[in-house]
Amino acid sequence: MRRFYIFFFTIILCFCSTIVGLYAQENDSINKKELGLSTLLNDIRQQQINDSLERQKLQHEIASLKSQNSPKKENLKQQLNNFDEENNLRKQQLKIKVDSIKKNTKRYAVAPFNDTLFYIYNKLGSSLAKDRAYNVVNRIENLYEDDFVKVDSFKIENNEISADIVYKDLIITSITELDALLEGKSKEEIANQYLKRIQQAISQERADNSITKVLIRTGLVLLILVVFSILVYFINRLKKYGTNRLLTERTARIKDVKIKNYVFLTSVQKTRIFISTINIARWGLIVLIAFIMLPIVFSVFPFTQSWASNLIGLFTKPLKKAVFAIWDYIPNLITVFVILFVMRYAVRFVKYIFNEIDKGKLEVNGFHREFAMPTFTIVRFLLHAFTLVLVFPYLPGANSDIFKGISVFIGVLFSLGSSSAISNIIAGLVITYMRPFRIGDRITIADKTGVVIEKSPLVTRLRTIKNEEITIPNSSILSGNTVNYSTFSEEGICFQVELTVGYEEPWQRIHELLLNIPSRIARVNQLPAPFVLQKKLDDFYVLYELNVYISKSGEIELAKSEIYQHILNDFLAAGIEMNGPHLFAKVDHVPQYQHKNTDTSY
C-alpha cells in the first residue's frame, strides 16, 4: 500500500511539473513574440527619429546661408525636397507595415464594464500586453468603486518616455511612442482620447447604477411584464372564444369533406384540426411576443444588454445562415431540376417503347412480348439509379462525413436484411426470361397446383380450383420443378386414372370397360385416343391406368370425378370387384394366459 501511495504521488508530481513546464513554455513564447514586436517597433521609431534629425539638419543648413539664390542653397533645397518625397514614400510603406503588424498581433481589450475602451498590443518594461490590459482594468474598476474619486481630477502627465493618465499618485495607464506608432498618432493625442473614454465610462457606469436609475429600470421591466401578461391573457381569451364558437357551430357550418362517395374528413376530424390549429397559433403568438419582449427587458439593465444581442443572435444567426445556404444552393437546385426533368421524359419514352412491344404494335426479333414490361422495370430501375448518381453530388451536405456515415449505415442494413429479398428478385428475373409459365397458365409447383394470377419480382401467386390463393417465393420456384399444363393444352393434356382389380378378372375385359368410359364424357378429347396401361402386378391385384386427353387443364379434376363415377357404375353392373391391399392379423392366445370360464353370477 505504501508503494502505491509513493507511485501515486510521483505521477501527480510529474503531471504538475508538466503543466508548469507547458505554462512556462507558453509564457516564454508570448514573451518572445512581444519582445520581437517591441524590437521591430523600436527600429521603426528609431528610423523616424533619424529621418527627423536629418530633415532638421538640412533645414538648419539652408537657414544658415545668407545668400538667397546661391547654387549651394538651391542644391540644399533640392535635397530637402527629395528627402521629403522619400520620407512620404517611407511613411506610406510604414503605414502598410504597421497595419500588417496590428493584424497579425494578438491584442488585449481594456473593457472594465463589458465595453471595450481601447486595445493594448505590446509590452511595457517587464509587463506583457496581457498583464498591462489586466492591470488597467483593475485600476479603473477600483476607481469606480471609490465613491470619493472625482473623475474631473484625472489628468495627463507627459515625459520623454510616455504620456501617463494619472489620478493623484496613481498611474492608470501609460501610452508610449510604440503605442502611438501602432495607432498612427502622437502619444499626446492618444492619451487625450483614452482619458476621455475612461472618464465617460466611469461616469456612465455610475449613472447607470444609481438607485434612482435602478428603480426606474425595475419599474420599466415590471411594466413590460404586465403588458406581456395582458397580451397573453387576451390571446387565451381569444383562443377560448374561437374554440367555443367552433364547437357550437360544428353541426351547422362544418361539413364532411367528400370525394365522390368517400368521406375524406369527417366534421369531427375537421373540428379537431381547427382546434389544434388555434392552439398552435396561440403558442406561436406567445412565443413571438416573448421573443420580442425579452431583448427589450435585457436591454433595460446595462449588465444584461449583451444578453439581448446574444438572444437575438441565437435566432437570427441560424436564420441568416439558412437563408444564405439556400441562396448559395439555388444553382445546384436548378441543376437537380434539369436532371430530373430530362430523366423523367427519358423514362416516359422508354415506357412508350416497351408498351408498344407489349401491345404487339412493335416487334423485335428474338424479344417476346411478355419480356416487355419486366424489361421496362429493369431499365427504369437502372435509369433511376443513374439519376441518383447524377443528383447525389448536388444534394446539400452530400460531401459531409455525417451524410457519408448515414449512407454507409443504410447500405449495411440493406445488405444484411435483404439477402432473401434480393435472391427472390434475381430469381424473378431469371424466371421471366426462362418463360416457364405466363399469367393464366395452370401449373404445378412442388405439390401446389393452380392458375397463375400474378408474377411479381418477389413472388408468384396461384389460384387453386378451390379459390385459394397461394403465394410462392420466386427463389423456391427456381430451385424446384414446374409443371405447366397450359403450354400444349390445345394439343391435349394427358391425365391418368388408376384402379386395382383382382387377378380373377381378365385384363381384356377391364380394358374394354375402361376404354368405353371417355366417349361418354364431354370434357375429354377423343383424339388422341385414350389408352390403358398395366402399371403393376401386386400380390393381390393388378394396377390399371387409364390415360385420357383433355384440352382445358382446369377441368382435369372434374373429368377425373366423372370417370370415377362411370367406373363405379360400370364395374358394379358387370359384377367386378375392385380390390385394394389388405392386412389381416390373427392372434393366438397362449393357454396359460387364457381366463377360465367361471361362474360370474352374483
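This note goes through the aromatic pairs and ring-charge contacts of a predicted model.

1. Basis. The model is predicted; local features need pLDDT of at least 70 and side-chain atom pairs count only at pLDDT 80 or more, while totals for chains, interfaces and linings use all residues. Residues are numbered from 1 along each chain as its sequence is written, and side-chain values use heavy atoms, with hydrogens and water left out.

2. Aromatic pairs. Five aromatic pairs turn up in a search of the whole structure. Rings of Phe, Tyr and Trp (its six-membered ring) pair if their centres lie within 6.5 Å; planes under 30 degrees apart are stacked, over 60 edge-to-face, and the rest tilted. One of the pairs is Tyr233 with Phe234, edge-to-face at 5.7 Å centre to centre and 70° between the planes. Tyr233 is partly exposed because its relative accessibility is 46%, whereas Phe234, at 52%, is exposed (buried is under 20% relative accessible area, exposed over 50%, partly exposed in between; 1.4 Å probe, protein chains only).

3. A pair between helices. Phe354 and Phe376 form a tilted pair, 6.3 Å centre to centre with 50° between the planes. Phe354 belongs to helix H9 (residues 305–359) and Phe376 to helix H10 (residues 372–391), so the pair ties together parts 22 residues apart in sequence. Helices here are DSSP runs (H or I, at least four residues), numbered from the N terminus. Phe354 is buried at 12% relative accessibility, and Phe376 is buried at 4%.

4. Charges over rings. Arg107 lies over the face of Tyr119, 3.8 Å from the ring centre. Arg344 lies over the face of Tyr345, at 6.0 Å from the ring centre. The criterion is NZ of Lys or CZ of Arg within 6 Å of the ring centre and within 35 degrees of the ring normal.

How values were computed. Helix = DSSP H or I, 4+ residues; strand = E, 2+ residues; numbered from the N terminus.
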